[in-house]
Amino acid sequence: MSEDGTDAANGMQQQEEVSDTPKYSLYIRASLIDNETQGACPMSQQGFMLSYILAQQKNVDFKVWTVSQVNPPADFKEKNRAKIYPFCEGISGKDIFGQSIEGYTPESTDDVEKFFDSVNSDCPLLKRPKNTKDHILGKVDSISTHFNAFMKGVNQESHLARLKNILKKVDDHLAETKTTFLEAEDLSYTDCFLLPRLQHLIVAGKYFRDFEIPDSYKNLWRYLRDAYDTPAFSETLPLDADLLKFHWERFSDKEMSEFRKNGIKGRFGVDPNLTKTCSIPPQIAAMLDNEVTNGGGEDEQMADDDAAEQEQVQE
């Protein structure tokens, strides 16, 4: 575990001590490369993002700690027997029900979700949706399942098709809502779930499987551009090298052998420039900027053409 905690929200001015303000430690997986810096676990980043925003809104006071996956401290292993990440430990303060959180530790991932809700007094967007049947979260919650199967070559074409279908649903949803993020102009719980997983797709999907989000998903690309400009996402991102190492460790020997034949050696040292993918490709950005300059005329023409084709079909 890192020797000292990192102040919430990347050095954000610490709020004055308020006895009832929930204060906790957030433990996330450490890098597989140096065992100290932030690792690439998407669930860990999700919890980090939620905590970051809650701290910005002065709902909580937290410190984040990274835990080595090679040699976690004995006292942490004792506390986190279920090997949950992210893991929370209550330090002081009260939850929204007036109950002390001191000494609280979760026993399941569901407990962690409930904990975040219980310390969230005025950020309704960050609460986990109770019914996802008709919610956008329900349309994207299987993204990791299909992405991981696609990466490992399991029924690859089928999972690739489902993955693209999820991305299309996000693009369509954003086109319909016309909001900056999935539910509003600010980040929501669903954004904190989806964005870390999209980062894996963008970095590891391209590196190992040459997968790219289609240029035509313009609303999705706008969404990503705005997300990269949001500190809660950009400042909690892992290094690209760590993200690639995260996936390399999950491949079978056969898959590793195939990658090596294609020149991918699996040597992911920390880049001296600390490289992170934290912007959309320049050509995509230029396309979006050009669209704004032209007033969206191209999209309107495409919509007119689609309508004309539909009329012909009906006739």
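Okay, let's start with helix H13, residues 282-293. It has 12 residues, and at 1.5 Å a residue they should span 16 Å; the end C-alpha atoms sit 16 Å apart, so the two agree. Bear in mind that this is a predicted model.

So which residues of H13 are buried? Those are Ile 284, Ala 285, Leu 288 and Glu 291. If you look down the axis of H13, the buried residues fall within an arc of 125°, so they line one face of the helix. Turn to the face pointing away from that buried side, and you'll find Pro 282, Gln 283 and Thr 293, which are exposed.

E2, residues 23-29, and E3, residues 61-67, run parallel, with seven bridges joining them. To give you a place to look, Lys 23 stands opposite Asp 61 in E3.

Last stop: His 146, which you'll find in helix H6, residues 143-152. Is His 146 buried or exposed? Its relative accessibility is 11%, and the cut-off for buried is under 20%, so His 146 counts as buried. And what does His 146 touch, if we skip residues up to four places away in sequence? The contacts are His 159, Arg 162, Leu 163 and Ile 166.

That's my tour, thanks.

Conventions: Residues numbered from 1 in each chain as written. Predicted model: local features only at pLDDT ≥ 70, side-chain atom pairs only at ≥ 80, totals over all residues. Heavy atoms only, no water. Helix = DSSP H or I, 4+ residues; strand = E, 2+ residues; numbered from the N terminus. Buried < 20%, exposed > 50% of the residue type's maximum accessible area, 1.4 Å probe, protein only. Contact = heavy atoms within 4.5 Å. Expected span 1.5 Å × (residues − 1). Arc of directions from axis to C-beta. Pairing = 2+ DSSP bridges.
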